[in-house]
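Student: Please take a close look at one part of this model: the aromatic side chains. How are the rings paired, and how accessible are they?

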Amino acid sequence: MDIKSMKNYLYWLYCQFELITCSYLMEPWEKLLFYTFNVTMLVMVLYTAYIFVPVHISTAFQFFLHLLGNQHENTVSVVK
């Protein structure tokens, strides 16, 4: 792909986005608020997923290992 076709494609995607969100009807200051709010929400969701999803996957993995009978030894029994 050359640069001009990529530029046209990105512009087409932006136009589709504006049509879907109806943001083409907004005034510039409304667009700024709308895009700022949406980008902030997206960043917060991605950050939350980055922090909490691995913890939940690890907990679920340990739970299923416990159900299958692969239990970790107790530290007290190892010392004795």
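Tutor: Y9 is partly exposed, with 41% relative accessibility in this predicted model. W12 is also listed as partly exposed, at 45%. Both values fall between the 20% limit for buried and the 50% limit for exposed.

Now take the rings together. A pair of aromatic rings is described by the distance of the centres and the angle of the planes. Four aromatic pairs are counted here. Y9 and W12 form one of them: their ring centres lie 6.0 Å apart and their planes meet at 25°. Planes under 30 degrees apart count as stacked, so the Y9 and W12 pair is stacked.

Y9 and W12 both sit in helix α1, which covers residues 3-21. They are three residues apart, so about one helical turn separates them.

F63 and F64 give an edge-to-face pair. Their centres are 5.5 Å apart, with 65° between the planes. F63 is partly exposed, at a relative accessible area of 46%.

Ring pairs also build a cluster. F17, F34 and Y35 are linked in this way.

An unreviewed UniProt entry places a transmembrane region at residues 32-53. In the model, residues 32-53 are 100% helix and 0% strand.

Key: Residues are numbered from 1 along each chain as its sequence is written. This is a predicted model: local features need pLDDT of at least 70, side-chain atom pairs count only at pLDDT 80 or more; totals for chains, interfaces and linings use all residues. Side-chain values use heavy atoms; hydrogens and water are left out. UniProt positions are given in the numbering used here, feature names are shortened, and annotations may be inferred rather than shown by experiment. Helices (H or I, at least four residues) and strands (E, at least two) are DSSP runs, numbered from the N terminus. Rings of Phe, Tyr and Trp (its six-membered ring) pair if their centres lie within 6.5 Å; planes under 30 degrees apart count as stacked, over 60 as edge-to-face and the rest as tilted. Buried means under 20% relative accessible area, exposed over 50%, partly exposed in between (1.4 Å probe, protein chains only).
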